[in-house]
Amino acid sequence: MRRFLALAVLGLFGVSGMNSAQAGCPKFTERVIDPHIGEVCYAVTKADVNGDNQLDIVAVSENRVQWYEAPSWKKHIILEDQTERDNVCLAAHDIDGDGKVDFALGAGWIKANTGSIQWISRGPNEGDKWTVHLIAHERSTHRMSFSDVLGTGKSQLVVTPLNRSLEGAVGARILAFEIPEQPKTGRWPATVLDQSLNRIHAHTHFDWDGDGRLDTIAASEEGLSFIHRRNSSFEKAKLGTGAVGDKAELRGSGEIKIGTLKGGQRFLAAVEPMHGNAVAIYVADADPKLPLQRIVIEDSLRQGHAVWTADLDEDGTDEVLVGHREAGTGVIKGPGLYVFSCDDDAGRKWSKTVIDNGGIAVEDAIVADFTGDGKPDLLAGGRATHNVKLYVNEGGRP
């Protein structure tokens with residue numbers, strides 16, 4: 001275990017940049033993709049749905065899955081009232097191997113909260129509603145992604161429930177479902193990666209320790225946890241403490257992404273605690289220890305609910321995109337969407353750029369080149385505002 005912890009820390013280091021990072025954020029032009037998707041836009045993602053080599057926008061509401069066709073952004077509804085309310089998460093992948101993208105979907109969130117896990121396949125004709133194929137039930141299913149965390153050479157569907165689903169269990173089960181040869185009719189074998197964490201709000205994947213295998217980093221009440229495959233079992237270490245509080249809702253982390261500083265050194269960007277007020281950056285100290293040093297760069301959010309990292313201005317350092325869904329306590333109240341840019345080589349000083357102040361109560365947000373011009377754009381979906389917005393990267397400075 002000591003060797004495992006040392007590898008996890010050593011994986012953080014790269015060669016320091018010779019020149020100081022220049023804080024900056026490109027100019028973004030707002031475009032409303034959908035003014036009212038439904039009661040809630042729970043999730044947004046990217047996918048080439050129609051196979052024309054252009055990234056389309058995909059969004060999930062409480063009872064629908066729909067995609068917006070690039071470049072006109074025409075809306076297509078592919079699923080409606082075919083799952084348990086509410087749909088809450090989805091992940092894109094060619095599940096049946098036909099060369100066309102499919103989607104895994106988590107539902108049953110609000111009323112029964114039974115946590116149905118399913119995938120959807122295309123109808124026989126263009127314009128038909130897609131077909132739902134049940135994979136499993138896991139109560140309070142909340143986030144999902146495709147990644148090869150088992151090292152089989154094929155991606156698994158990784159699902160994190162928010163809360164424990166089994167009576168007497170210590171925490172929620174992080175599950176990796178393997179895609180069977182016949183995904184429509186076959187059983188999806190599930191491997192438990194961990195079952196000791198509570199209030200798991202988000203997860204991401206990365207080869208954190210540099211051993212050539214993808215790891216899982218989970219944001220939960222316990223902070224930021226690194227879950228690593230070692231032989232036939234999984235081990236866990238704490239990378240970040242998260243927020244500290246005397247109640248469960250005041251502790252730990254809620255959102256997590258991994259970014260890169262100029263020179264290759266990595267950092268973690270988190271919203272803390274779950275639905276929290278703070279944006280925290282974790283970097284390695286000169287004397288590296290776990291958990292990593294926590295640096296709060298923003299503490300005036302309310303209901304922080306999205307984080308993403310990407311090099312928006314092509315300066316070699318990732319910016320941090322953050323959204324929140326209720327008005328905060330700072331001068332810029334929001335709710336809205338912001339970009340934080342690093343002002344030094346060490347990841348300890350950051351500047352904030354307002355992308356949207358009050359126009360979207362951000363539930364989810366991602367970064368991708370949706371216009372095909374080589375520049376990363378921003379996409380966000382709203383909760384109380386019910387909308388989907390694209391922020392097109394125009395380059396330059398605001």
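Predicted model: local features only at pLDDT ≥ 70, side-chain atom pairs only at ≥ 80, totals over all residues.
Helices and strands in what follows are DSSP runs, with a strand requiring at least two residues, and they are numbered from the N terminus. Good morning, colleagues.

Let me begin with position. Gly347 lies in the loop that links β24, residues 336-342, to β25, residues 350-357. Is Gly347 buried or exposed? Its relative accessible area is 0%, and because buried means under 20%, Gly347 counts as buried.

Which residues does Gly347 touch, once its neighbours within four places in sequence are set aside? The contacts are with Leu261, Ile281, Val283, Ile295 and Cys342. Of these, Cys342 also belongs to β24, where it is one of the buried residues. A further spatial relation concerns Thr317: it is 30 residues from Gly347 in sequence, while their C-alpha atoms are 9.4 Å apart.

I turn now to β24 itself. Seven of its seven residues are buried, and this holds on both faces. One side carries Gly336, Tyr338, Phe340 and Cys342, and the other carries Leu337, Val339 and Ser341.

Finally, the pairing of β24. With β23, residues 319-326, β24 runs antiparallel and is joined by five bridges; within this pairing, His324 is partnered by Gly336 of β24. With β25, β24 also runs antiparallel, and here seven bridges join the two strands.

Notes: Residues numbered from 1 in each chain as written. Heavy atoms only, no water. Helix = DSSP H or I, 4+ residues; strand = E, 2+ residues; numbered from the N terminus. Buried < 20%, exposed > 50% of the residue type's maximum accessible area, 1.4 Å probe, protein only. Contact = heavy atoms within 4.5 Å. Pairing = 2+ DSSP bridges.
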